[in-house]
Amino acid sequence: LVPAFAVSGVFVRVYNNADVVLLGNLVGKTQVGFYAIPAKVTTALQQLIPVSISAALFPAFSASYRDDRERATRNFTSAFTFLLLAAAPIGAGLALAAPWLIAAVWPRYTAVVPAFQLMALTVPCLFLAYPTGYFLNACGGQRWNMGNRGVMTAVSIGANLVLIPRYGFFGAAMAFLAANAVLLALDLHAVARYIRLPIVRLAHDAAKIGVATLTMALLYAVLLPVLAGPLAAAVAALAYAAAAVGLGLIGPNQLRQLTQAIRT
C-alpha cells in the first residue's frame, strides 16, 4: 500500500507549493505577498475543520465499509453534508466580508480582495475533498486517491502557467478554484465505484444549504449599510443557523449520526 500513499503525498506537496513558486518566477515576489493572504487563510481553515473531522471519521469509514456497506454510505453522506453545512457559510461569509476584512487587517493589500473572494468561494471544494479522500483510502481506493491528486496537480500547474503571466495573483486564484473543483468531481466519481451515492438526497441537502446561505448573504447585504461589518456578519451567521434548523439540516438525528460515526 505504501507507494500509492507516498506518491499521493508527493503530488499534494508539489500542488501546495507550485502556485507560489510559479508566481515568484513569472511575475515577482510582490505578487507572492498579495497571494499569501488568501492562501494562508484558506490553509488555516482546512487544518481547523475538515482535517480533524475527517481524520476522526476514518476508522468509522474503514470499519463500516468492511462490515456494512449501507452504514458506510450513511457515514459518508452524513460527513459530506455536515462539512458542506460548515463550508458554505464560511466561504460565502468570507467572500462577502472580504472588503472590510482586508481593509481592517491588511489595509495595504486591498488589491487582493477579488482574489480573496474567489479563493473563499473555493472553501466548499476544499472541505469536501477531505471526506472523499479519506473514504477512498479507507475502502482500498488509495490508487484512485493518488491518481486524482495527480490530475489536480497537473491542472493546477497548467492553469497557473497560462493564467499567472496575464492575471498575476488573481490568475493563481483562478487556477486554485479550477484545480480543487476538478479534484472534488474526480473524487466523487471514484467514491461512487465503492458505494451507491444517494445523489437525490445529497442534491436535496445541497439545495437546502444553498437556500440558507442565500438567506445569510441577503441579510448581510441589507444590514451592512447600517451596522458595523463584524456585527452584520454575526447577525447573518445567526440567521444561517436558524435557517438551517428550520430547513431540517441541523437536528438531533444529524448530530447523533455524526457522533455515532466518530465514536465507532
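## Burial and overall form

Buried residues account for 47% of the 264 residues in the chain. The model is predicted.

How does the radius of gyration agree with that of a compact globule? A compact globule of 264 residues would have a radius of gyration near 18 Å. The chain has 19 Å, which agrees. Its C-alpha trace spans about 55 × 45 × 25 Å along the principal axes.

## Helices and contacts

The chain holds 11 helices and zero strands. Read from the N terminus, the elements run α-α-α-α-α-α-α-α-α-α-α.

Now take the contacts between residues at least 6 apart in sequence. Of these, 79% join residues at least 24 apart.

## Surface and charge

The chain exposes about 12,600 Å². Carbon and sulfur atoms supply 68% of that area.

The chain has 17 positive and 6 negative charges.

## Aromatic pairs

A pair of aromatic rings is described by two things: the distance of the centres and the angle of the planes. How many aromatic pairs are there? The count comes to nine.

One of them is formed by Phe61 and Phe76, and this pair is tilted. The rings lie 6.5 Å apart, centre to centre, with 50 degrees between the planes. Phe61 sits in helix H3 (residues 50–67) and Phe76 in helix H4 (residues 69–105). The two residues are 15 residues apart, and their pair links distant parts of the chain. Are Phe61 and Phe76 buried or exposed? Buried means under 20% relative accessible area. Phe61 has 0% relative accessibility, so Phe61 counts as buried. Phe76 also has a relative accessible area of 0%, so Phe76 is buried.

## A second pair from helix H3

Tyr65 and Phe135 form an edge-to-face pair. Their rings are 6.3 Å apart, centre to centre, and the planes are 85 degrees apart. Tyr65 lies in helix H3, while Phe135 lies in helix H6 (residues 123–138). The pair therefore ties together parts that are 70 residues apart in sequence.

Tyr65 has 13% relative accessibility, so Tyr65 counts as buried. Phe135 is buried because its relative accessible area is 0%.

## One cluster

Which residues form one aromatic cluster? The members are Phe61, Tyr65, Phe76, Phe80, Phe135 and Tyr194. The tilted pair of Phe61 and Phe76 and the edge-to-face pair of Tyr65 and Phe135 belong to this cluster.

Conventions:
Residues numbered from 1 in each chain as written. Predicted model: local features only at pLDDT ≥ 70, side-chain atom pairs only at ≥ 80, totals over all residues. Heavy atoms only, no water. Helix = DSSP H or I, 4+ residues; strand = E, 2+ residues; numbered from the N terminus. Rg over C-alpha atoms; globule rule 2.2 N^0.38 Å. Buried < 20%, exposed > 50% of the residue type's maximum accessible area, 1.4 Å probe, protein only. Contact = heavy atoms within 4.5 Å. Areas by Shrake-Rupley, 256 points an atom, 1.4 Å probe, with all protein chains shown as cover. Lys, Arg positive; Asp, Glu negative; His and termini not counted. Charge placed at Lys NZ, Arg CZ, Asp CG, Glu CD. Phe/Tyr/Trp six-rings, centres within 6.5 Å; stacked < 30°, edge-to-face > 60°.
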